[in-house]
Amino acid sequence: DVYKRQVDELRRTPLRGLFIEGDDFAITEIVLNYFLAVRDKWPESWAEVNRKGNFIPRSNAFKAFMRYFGDIYVKMVGEEFGRVPKKDEFAEYFVHIDLTDELLNTRTFQPGSSGQSLFYKLLAGEVSIEHLLED
């Protein structure tokens with residue numbers, strides 16, 4: 001069924017329709033609102049991008065955040081692809097994460113794909129903060 005294929009495609013690439021339509025403003029607003037929620041969750045790490053060992057400005061953190069974005073955006077909008085969620089809607093998907101700014105560093109999340117994967121799993125609720133503290 002054509003409709004099902006289109007929905008499946010949008011689930012894999014949720015902003016593709018907006019890109020094809022040339023709606024750069026909506027794409028920007030969606031991604032901005034998402035990262036404003038990230039900033040509000042970890043304000044110190046966000047503000048101190050030059051702090052040694054800070055994980056937030058690393059590409060591995062960005063990759064994990066974008067993977068998580070794909071997961072939660074699809075949940076938030078259902079089949080209303082292109083809808084622009086507010087920052088507070090995104091923030092709801094960070095409430096379950098007890099990770100403090102102090103633990104958001106390269107000691108907790110090692111450089112490379114292992115740190116990226118671990119961070120994504122924490123965001124997605126697949127591992128807990130207790131798991132991180134055990135290691």
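Reader: What makes Val 74, Gly 78, Glu 79 and Phe 81 count as being in contact with Arg 11?

Author: Contact requires heavy atoms within 4.5 Å. In this predicted model, Arg 11 meets that condition with Val 74, Gly 78, Glu 79 and Phe 81, once its neighbours within four places in sequence are left aside. Arg 11 belongs to helix 1, which covers residues 2–12.

Reader: Why is Arg 11 called partly exposed?

Author: The class of partly exposed runs between under 20% for buried and over 50% for exposed. Arg 11 has a relative accessible area of 36%, and is therefore partly exposed.

Reader: What span does helix 3 reach, and what span is expected?

Author: From the first C-alpha to the last, the 18 residues of helix 3 reach 26 Å, close to the 26 Å expected at 1.5 Å a residue.

Reader: Why are helix 3 and helix 5 described as roughly perpendicular?

Author: The two helices pack at an angle of about 115°, with their axes 11 Å apart. Angles of 65 to 115 degrees count as roughly perpendicular, and helix 3 and helix 5 are therefore placed in that class. The crossing of helix 3 past helix 5 is right-handed.

Reader: Which residues meet where helix 3 packs on helix 5?

Author: Helix 3 contributes Ile 30, Tyr 34, Phe 35 and Val 38. Their partners in helix 5 are Phe 62, Phe 65, Met 66, Tyr 68, Phe 69, Ile 72 and Tyr 73. By class, this contact has eleven nonpolar residues, with no polar and no charged ones.

Reader: Which residues of helix 3 are buried, and against what do they pack?

Author: The buried residues are Ala 26, Ile 27, Ile 30, Asn 33, Tyr 34, Phe 35, Ala 37 and Val 38. Their packing partners are helix 2 (16–21), helix 4 (43–47), helix 5 and helix 6.

Reader: What is the make-up of the contact of helix 5 with helix 7?

Author: From helix 5, Asn 60, Ala 61, Lys 63, Ala 64, Phe 65, Arg 67, Tyr 68 and Asp 71 take part, and they meet Gln 116, Phe 119, Tyr 120 and Leu 123 in helix 7. These residues divide into seven nonpolar, two polar and three charged. The packing angle of helix 5 and helix 7 is about 35°, with their axes 9 Å apart. Helix 5 passes helix 7 in a right-handed crossing.

Reader: Which residues of helix 7 are buried?

Author: In helix 7 (residues 113–123), the buried residues are Gly 115, Gln 116, Leu 118, Phe 119, Tyr 120, Leu 122 and Leu 123. Just after helix 7, Gly 125 has a positive phi of about 80°.

Reader: Why is Phe 90 called buried?

Author: Buried means under 20% relative accessible area. The value for Phe 90 is 0%, so Phe 90 is buried. This residue lies in helix 6 (residues 87–91). Not counting residues up to four places away in sequence, Phe 90 touches Ile 30, Asn 33, Tyr 34, Ala 37, Phe 69, Ile 72, Tyr 73, Met 76 and Pro 85. Thr 100 is ten residues from Phe 90 in sequence and 18 Å from it in space, C-alpha to C-alpha.

Reader: Is Asp 88 buried or exposed, and what makes it so?

Author: Asp 88 is also a residue of helix 6. The cut-off for exposed is over 50%, and Asp 88, with a relative accessible area of 54%, is therefore exposed. Asp 88 and Glu 130 are 26 Å apart in space, C-alpha to C-alpha, and 42 residues apart in sequence.

Reader: Why does Arg 83 count as partly exposed?

Author: The limit for buried is under 20%. Arg 83 has 24% relative accessibility, and so counts as partly exposed. Arg 83 is located in the loop between helix 5 and helix 6. Apart from neighbours within four places in sequence, its contacts are Ile 30, Tyr 73, Met 76, Val 77 and Glu 89.

Key
Residues are numbered from 1 along each chain as its sequence is written. This is a predicted model: local features need pLDDT of at least 70, side-chain atom pairs count only at pLDDT 80 or more; totals for chains, interfaces and linings use all residues. Side-chain values use heavy atoms; hydrogens and water are left out. Axes are lines fitted to C-alpha atoms, for helices over the stretch in contact, and angles run from 0 to 180 degrees between N-to-C directions. Helices (H or I, at least four residues) and strands (E, at least two) are DSSP runs, numbered from the N terminus. Angles under 35 degrees count as roughly parallel, over 145 as roughly antiparallel, 65 to 115 as roughly perpendicular and the rest as oblique. A crossing is left-handed if the near helix is turned anticlockwise from the far one by less than a right angle, and right-handed if clockwise. Ala, Val, Leu, Ile, Met, Phe, Trp, Tyr, Cys and Pro count as nonpolar, Asp, Glu, Lys and Arg as charged, and the others, Gly among them, as polar. Buried means under 20% relative accessible area, exposed over 50%, partly exposed in between (1.4 Å probe, protein chains only). The expected span of a helix is 1.5 Å times one less than its number of residues.
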